Structures are given as C-alpha cells and as structure tokens.
Amino acid sequence: MKILLLSSPVVQLDFDRIARLPNLGLASLAAHVDDLCTVHVADIHGLKGYREYVKKIVQGYDLVGLTAMSFQYQEALALARIAKEAGAQTVFGGYHPTLAAEEIGESDDRQLIDYIVRGEGEATFRELTESLLAGREFKGISGLSYHDPGSYRMIHNPARPLLDVSDIKMPNRDARLVTRGFYSFDVPIDSVETSRGCTQGCKFCSINLMYGRHFRTFPIERVVEDIRDAEEHGAGSIFFPDDNITLNPKRLERLCQAIIDAGLTHLRYKTQASASGIASSKRLVDKMGEAGFDGVFLGVESINKRNLEFLGKGKMSNDAETAVQYLHDNNIIVSTGLIGGNPDDDEEDLWENFHLARRLKVDFPIFYISTPYPKTQMRAELEEMGLVTRNDFNKYDGMHANLKTKHLSDEEVQYITWEMNARYYDLDWIRYNKVKKIYPKWFAGEIKRLVPFYAKRKLDLATGRKTPRDFFQEDLESGELCKGVV
C-alpha cells in the first residue's frame with residue numbers, strides 16, 4: 001500500500017513572501033503509518049503548476065490524503081478529483097473537513113471524499129490504514145467518517161478523545177518529496193510544536209472545536225530533539241506553531257534555557273504568542289532573545305474594549321504596549337493580528353487599530369477582518385444579527401470581508417482594511433522597522449522589487465489614469481490585499 005499526503009496549494013499571497021513553511025501535520029501523520037506502508041508527503045504550496053505535478057506523481061498511490069482550512073477546501077476537492085481519476089481513494093482532514101463533516105457527508109462533495117479524519121489525526125489515520133490493509137470494517141475507528149454502503153450519506157463515528165502526548169511520534173521529515181523552497185525571510189525554515197491546544201475561549205477561533213479547551217505539552221527534551229532533527233533536514237530557522245505557547249510563560253522560559261544549554265542559539269526562532277503572556281515577564285522575553293528568537297506574532301486583536309468583549313478576549317489592558325516594548329528591546333521583530341469589522345464598528349473604529357500599530361511601531365501589523373468561520377460561536381452570533389453576507393468559503397481567510405457591520409457594508413469594510421494595510425508601509429515604517437537590521441539582504445530585495453511597482457502606482461494616480469479604487473479592485477482580484485498605494 002502506498003499513501004500520498006498533499007498540503008494545500010492555496011496560501012495567503014502577502015504572507016507567502018515573508019514565510020513559507022512545510023506542513024508539519026502531514027509529516028506527523030506520516031510518522032504514524034511509516035511502519036505499515038510506504039508514505040510520502042508533498043508540500044505543493046510552493047510549486048508553480050502544482051496540478052500538473054500532482055497528476056504526475058499521484059500515479060501508483062492507493063490512498064491520497066488532503067488537508068484544508070475553509071479557504072482551501074475547494075481546491076482540495078479539485079486535487080481529490082485528480083486522485084480519484086488516477087484510481088486512488090481519498091481521505092480529508094484538517095479544520096474545515098472536521099467542522100463541516102456532516103454537511104460534507106450529505107453533499108455532492110462526498111463523491112470525491114472516501115474518508116474524513118476528524119480532529120487530531122494521528123491515531124485515527126493509523127487505524128484507518130490498518131483497517132484498509134487488513135480489509136476490516138471501520139465502525140470501531142473513533143474520529144472517522146466514511147461512506148455508508150446502504151445509503152448516499154456518510155457514517156460519522158464518535159469523536160476520538162485527545163491523545164496522550166507521549167503517544168505522538170516525532171514527525172517523519174524523510175517522507176517529504178519537496179525539500180526546498182521553504183523559508184522565513186531568506187533563511188530555510190521548518191516547524192516544531194511544543195504543545196497543543198488552548199484553554200481560552202476566543203469566539204472567532206476554531207481551536208476549541210478541534211481540541212476542546214485543553215492544553216497539552218510535549219516534554220522539553222523531545223522538543224529539543226525535534227529542533228535538532230529539523231536542523232539536520234536543512235532548517236536554519238524554527239517556527240513554533242503552538243496554539244498558545246505563552247499559556248505557561250515559565251515553561252517557555254525553561255524551553256529557552258534548554259535551547260541555550262543545547263547549543264542551538266545559532267538557529268532563529270519564531271512563534272505566535274498572546275500579548276498578555278509576553279507582557280507577563282520581561283525575564284521571559286530577555287531569555288527568548290538570548291535563545292535566538294527574532295520574530296513573534298502577537299494576538300492583539302483590538303484596542304477597542306467593546307470589540308475585545310465581542311471577540312471573547314476579556315478586558316482592555318496595556319499588555320500590547322508592554323509586550324511590544326519587551327520584544328523590541330530584544331531586537332525581536334513584532335507582527336500583530338488586529339481584527340476589525342466587528343458588529344458595532346464604524347470607519348473610525350477600524351482606523352483605531354491602524355493608529356495603535358503605528359504608535360507601537362509594529363514591524364508587520366496584519367489588519368484582519370472578522371471572519372465567521374464554520375461552527376464558531378462568533379458565526380452563530382453574527383448570523384443571528386443578520387451580518388453575515390457571504391458563505392463562499394474560498395474567501396474565509398481573514399483578509400476578505402464576508403460580513404457587514406451595523407454601520408458599514410462588507411465592501412466598505414474591505415476597502416478601509418485594504419487602505420490600512422496599504423498605507424502602513426510608508427517612509428516612517430522604513431525608518432523604524434527592525435526587519436532591515438535583522439534581515440538586511442531580504443529587506444533590500446523587497447525594496448528593490450517594490451519601488452518600481454509603487455512608483456508606477458504613484459504616477460498613475462498623479463496623471464489620473466487610475467484611482468485608488470482601481471488599485472483596490474486589482475488587489476482584490478489578485479488576492480494580494482496588502483499592496484495598495486504607499
């Protein structure tokens with residue numbers, strides 16, 4: 001039996017220029033079946049002409065696995081069709097198939113999907129593989145959805161309890177067919193997880209629907225071993241994709257010390273973190289700087305008290321200011337997620353996030369738009385208010401407006417957010433951002449690439465050939481919503 005696991009080729013183009021990572025989840029799945037069969041992972045999101053590549057390599061595989069978030073789901077179906085035409089069965093996993101399994105099982109999509117591995121996939125995927133090899137029934141496999149031979153629907157077995165982390169194997173990076181083209185700025189990168197889950201209850205987040213409000217940590221010794229393995233496979237930078245790595249700040253500090261003790265500070269580390277977790281301890285952030293961290297994505301979300309309460313983030317504080325200061329003091333690049341388009345937002349409310357990012361001198365602010373992801377609490381509330389305007393999941397990526405507010409249409413929310421992303425990266429930003437100091441070669445290359453582009457846009461504006469609305473439409477159609485006009 002031969003298994004091929006495909007990453008989604010659909011990415012957010014603006015982020016892809018800064019970082020492109022190989023899929024860690026698929027390498028983890030591969031590690032749990034590589035003793036049973038031949039298994040390969042193809043990270044196709046960096047490939048041009050990926051459909052032709054898939055048509056070529058898929059021949060001879062018995063089972064093809066695909067993972068998808070909501071905005072990636074339709075393209076996953078297209079790849080599943082290619083796999084089916086090649087004679088393979090297909091298995092879907094990831095956030096969207098997990099949360100929408102029942103809807104998928106009653107739709108025409110099920111014709112392209114033989115199995116759905118719901119939630120945490122390692123054990124379910126192994127048991128599915130074992131059953132296929134042995135010709136056994138699937139009814140005893142927790143977390144699996146599959147076709148009912150007696151009807152047109154799918155059977156959804158009971159959910160699988162969360163795994164004991166001691167039962168989760170290290171990822172199999174040797175299974176990857178595509179080993180180049182993954183980077184952060186200009187350094188080869190890979191991912192290493194140190195924990196799974198989050199105990200917080202943000203209304204917009206799907207994590208709780210996958211793992212519940214649980215937080216499980218891997219032994220620090222295992223994390224260090226995984227970092228070494230990633231480096232042996234070519235990584236010069238490591239991204240920790242944990243759902244909330246600062247939920248236990250003291251543990252993160254211990255991990256930093258372990259990295260130092262292991263002599264691994266020559267690598268460059270990046271992670272996503274809560275502003276409150278980072279702000280809770282200057283000692284932690286100093287230790288992060290000593291260990292080699294040079295980039296942190298902060299979940300700030302909003303400066304608006306009303307919006308924080310709607311998003312389930314609690315009360316306002318000065319955590320963002322403190323966190324950014326601690327990080328910048330350690331020469332760590334700061335990116336922030338700031339969410340607009342909430343129910344009571346007007347234009348002034350949206351611009352509040354812009355002014356916050358400017359005041360904090362954030363290196364890479366990302367002005368997100370509230371997105372009603374399937375099955376989340378926020379979606380239910382927005383639907384009840386009548387504010388959800390689009391159900392095209394292709395646009396459910398945080399950058400497209402799929403809702404209106406009580407004061408703004410979805411188009412107005414989209415345009416204002418585009419304008420904020422576009423205006424932020426100006427001469428002031430060039431002066432104060434830390435990227436040019438930490439990654440001077442990458443920064444110089446980006447400036448060289450973008451200067452002619454922006455010069456042409458300026459000329460088009462000055463001569464009246466185009467308006468900002470024209471550029472907005474161009475960027476909307478291309479999916480590059482952070483370009484704009486400087």
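Keep in mind as you look that the model is predicted.

Let us start with the aromatic rings. Searching the whole structure turns up 25 aromatic pairs. A ring pair is described by how far apart the centres are and by the angle of the planes. Take phenylalanine 240 and phenylalanine 293: their ring centres are 5.9 Å apart and their planes meet at 35°, so this pair is tilted. Phenylalanine 240 belongs to strand 13 (residues 237-240) and phenylalanine 293 to strand 15 (residues 293-301), so the pair ties together parts that are 53 residues apart in sequence.

Now move to phenylalanine 364 and tryptophan 429. They also form a tilted aromatic pair, with 6.0 Å from centre to centre and 55° between the planes. Here a strand meets a helix: phenylalanine 364 is in strand 17 (residues 364-369) and tryptophan 429 is in helix 18 (residues 427-432), so parts 65 residues apart in sequence are tied together by the pair. Phenylalanine 364 has a relative accessible area of 11%, and because the cut-off for buried is under 20%, phenylalanine 364 is buried. Tryptophan 429 counts as buried too, at 7% relative accessibility.

If you colour the rings in your viewer, look for a cluster. Ring pairs link Phe185, Trp351, Phe354, Phe364, Phe367, Tyr424, Tyr425, Trp429, Tyr439, Trp442 and Phe443. Elsewhere, arginine 469 lies over the face of tyrosine 415, at 3.8 Å from the ring centre.

Next come two helices. Helix 20 (residues 440-463) packs with helix 21 (residues 468-478) at an angle of about 140°, and their axes are 10 Å apart. Angles over 145 degrees would count as roughly antiparallel, and helix 20 and helix 21 are therefore oblique to each other. Helix 20 brings Arg457, Asp460 and Leu461 to the contact, while helix 21 brings Pro468, Phe471, Glu474 and Asp475. Sorted by class, this contact has 3 nonpolar, no polar and 4 charged residues.

Finally, where does histidine 32 lie? It is in the loop between helix 2 (24-31) and strand 3 (38-42). Histidine 32 is buried, with a relative accessible area of 7%. Setting aside neighbours within four places in sequence, histidine 32 is in contact with Glu122, Arg126, Asp167, Ile168 and Lys169.

Definitions and conventions:
Residues are numbered from 1 along each chain as its sequence is written. This is a predicted model: local features need pLDDT of at least 70, side-chain atom pairs count only at pLDDT 80 or more; totals for chains, interfaces and linings use all residues. Side-chain values use heavy atoms; hydrogens and water are left out. Axes are lines fitted to C-alpha atoms, for helices over the stretch in contact, and angles run from 0 to 180 degrees between N-to-C directions. Helices (H or I, at least four residues) and strands (E, at least two) are DSSP runs, numbered from the N terminus. Angles under 35 degrees count as roughly parallel, over 145 as roughly antiparallel, 65 to 115 as roughly perpendicular and the rest as oblique. Contact means heavy atoms within 4.5 Å. Ala, Val, Leu, Ile, Met, Phe, Trp, Tyr, Cys and Pro count as nonpolar, Asp, Glu, Lys and Arg as charged, and the others, Gly among them, as polar. Rings of Phe, Tyr and Trp (its six-membered ring) pair if their centres lie within 6.5 Å; planes under 30 degrees apart count as stacked, over 60 as edge-to-face and the rest as tilted. Buried means under 20% relative accessible area, exposed over 50%, partly exposed in between (1.4 Å probe, protein chains only). A charge sits over a ring if NZ of Lys or CZ of Arg is within 6 Å of the ring centre and within 35 degrees of the ring normal.
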